[in-house]
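Here are my notes for someone opening this one for the first time. Keep the viewer beside you and take the points in order.

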Amino acid sequence: MKNLLSRRGLITSAVGASGLVAATRLANRYGLIPPDYGGIYGAGETLTYAAQRLLMSWHPLAREFNRSEISKAFPVNGPPPEDDSYQRFLNRQFEDWRLVVDGLVARPSSFSLAELKRYPSRSQITHQACEEGWSFIAEWTGVPLSYILNLTGVLPQARYVAFFPFDESWDSLDLADAYHPQTLLAYALNGEELPPGHGAPLRVRVARQLGYKSVKYLSRITVTDTLKHFGQGKGSWSPEIGYSWYAGI
């Protein structure tokens, strides 16, 4: 990033309540305000996000493990969607399911599961940490999200990538995390088809963020310059859920 404030300047600005306000103003100047900047914790969320983006601007990789370290158990957080369309796709083994990619892209597209599996893939054995305290190590295989974004042609004004599953929840990433090499559209878990409990037919796998950012049961991806018109709905950072929009680890 060009002409960004220095690391020392950001940390110094963070000292004290007045420092939080100053840091927020500086973060806004450099486009580092997260969508959940409002409310009582807004200044802290802004400082966390801005500090991560500045101090870790090289986007390091999450640790990858050996196959012998894969966990024996893989907890499932919640059942698959009861949505009729999802159940129909599930019964047909997702043969006619398609992932829609739209919004601020030059080439809006849709992809079948078979098409996604023909694209270059990546497998990685990483740790998934849940905000509820449990975790596991597993191998995920899928197409890098960056590959799909490059295929569809993200427009210059884009800032976020929003993920919509079959239920009413949704979430989003900024472009830095969307283009991270370990951010996958995963269709396999430990060398087998992704099971329904873990997000079949396709889920996001964001290795550098807490588990709730790895949206399951994908139906659509929208590239956008703002998240305001989507509403918070049942997103992870909505008031009723209360998690942070940025969940970097």
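**Notes on the fold and its rings**

1. Start with phenylalanine 94, which is buried at a relative accessible area of 9%; buried means under 20% relative accessible area, exposed over 50% and partly exposed in between, with a 1.4 Å probe and protein chains only. Phenylalanine 94 lies in the loop between helix H4 (84–91) and E1; helices (H or I, at least four residues) and strands (E, at least two) are DSSP runs, numbered from the N terminus. Its phi is near 65°, a positive value in a residue other than glycine. Most residues other than glycine have a negative phi, and most peptide bonds are trans.

2. A word on the source: this is a predicted model, where local features need pLDDT of at least 70 and side-chain atom pairs count only at pLDDT 80 or more, while totals for chains, interfaces and linings use all residues. Residues are numbered from 1 along each chain as its sequence is written, and side-chain values use heavy atoms, leaving out hydrogens and water.

3. Now the overall picture. The protein has seven helices and 10 strands, and 46% of its 249 residues count as buried. Take contacts (heavy atoms within 4.5 Å) between residues at least 6 apart in sequence: 65% of them join residues at least 24 apart.

4. Tyrosine 217 is another one to click on. Its phi is near 55°, again a positive value in a residue other than glycine. Tyrosine 217 sits in the loop between E9 and E10 and counts as buried at 3% relative accessibility. Ring pairs link Tyr217 with Tyr86, Phe89, Phe94 and Phe166 into a cluster. For Phe, Tyr and Trp (its six-membered ring), rings pair if their centres lie within 6.5 Å; planes under 30 degrees apart count as stacked, over 60 as edge-to-face and the rest as tilted.

5. In what order do the five strands of the open sheet run? The order is E2-E1-E10-E5-E6, with mixed pairing; two strands pair if DSSP finds at least two bridges between them. Strand E2 (109–112) and strand E6 (171–174) are the edge strands, each pairing on one side only. From one strand to the next, the twist averages 20°. Strand E5 (residues 160–165) and E6 pair in the antiparallel sense over four bridges, and tyrosine 160 has aspartate 174 in E6 as its bridge partner.

6. Next, look at what packs on that sheet. Helix H6 (residues 145–152) touches strand E1 (98–103), E2, E5 and strand E10 (218–224), and its direction makes about 135° with that of E2. Axes here are lines fitted to C-alpha atoms, for helices over the stretch in contact, and angles run from 0 to 180 degrees between N-to-C directions. Buried residues in H6 are Leu145, Ser146, Ile148, Leu149 and Thr152. They lie on the same side of H6 because they cover an arc of only 160° around the axis, the arc being that of the directions from the helix axis to the C-beta atoms. After H6 comes glycine 153, with a positive phi near 80°.

7. Back to the rings: a search of the whole structure finds 13 aromatic pairs. In one of them, tyrosine 119 and tyrosine 147 have ring centres 5.2 Å apart and planes at 45°, so the pair is tilted. Tyrosine 119 is in the loop between helix H5 (113–118) and strand E3 (122–129), tyrosine 147 is in helix H6, and the two are 28 residues apart. Tyrosine 119 counts as partly exposed at 22% relative accessibility, and tyrosine 147 is partly exposed too, with a relative accessible area of 29%.

8. Compare that with phenylalanine 164 and phenylalanine 230, whose ring centres are 5.3 Å apart with planes at 65°, so the pair is edge-to-face. This pair joins phenylalanine 164 in strand E5 to phenylalanine 230 in the segment after E10, 66 residues apart. Phenylalanine 164 counts as buried at 13% relative accessibility, whereas phenylalanine 230 counts as partly exposed at 23%.

9. Last, check the stretch around E9. The peptide bond from alanine 200 to proline 201 is cis, with omega near 5°, and proline 201 is in the loop between strand E8 (192–193) and E9. Strand E7 (residues 183–189) and E9 pair in the antiparallel sense over four bridges, with leucine 184 opposite arginine 205 in E9.
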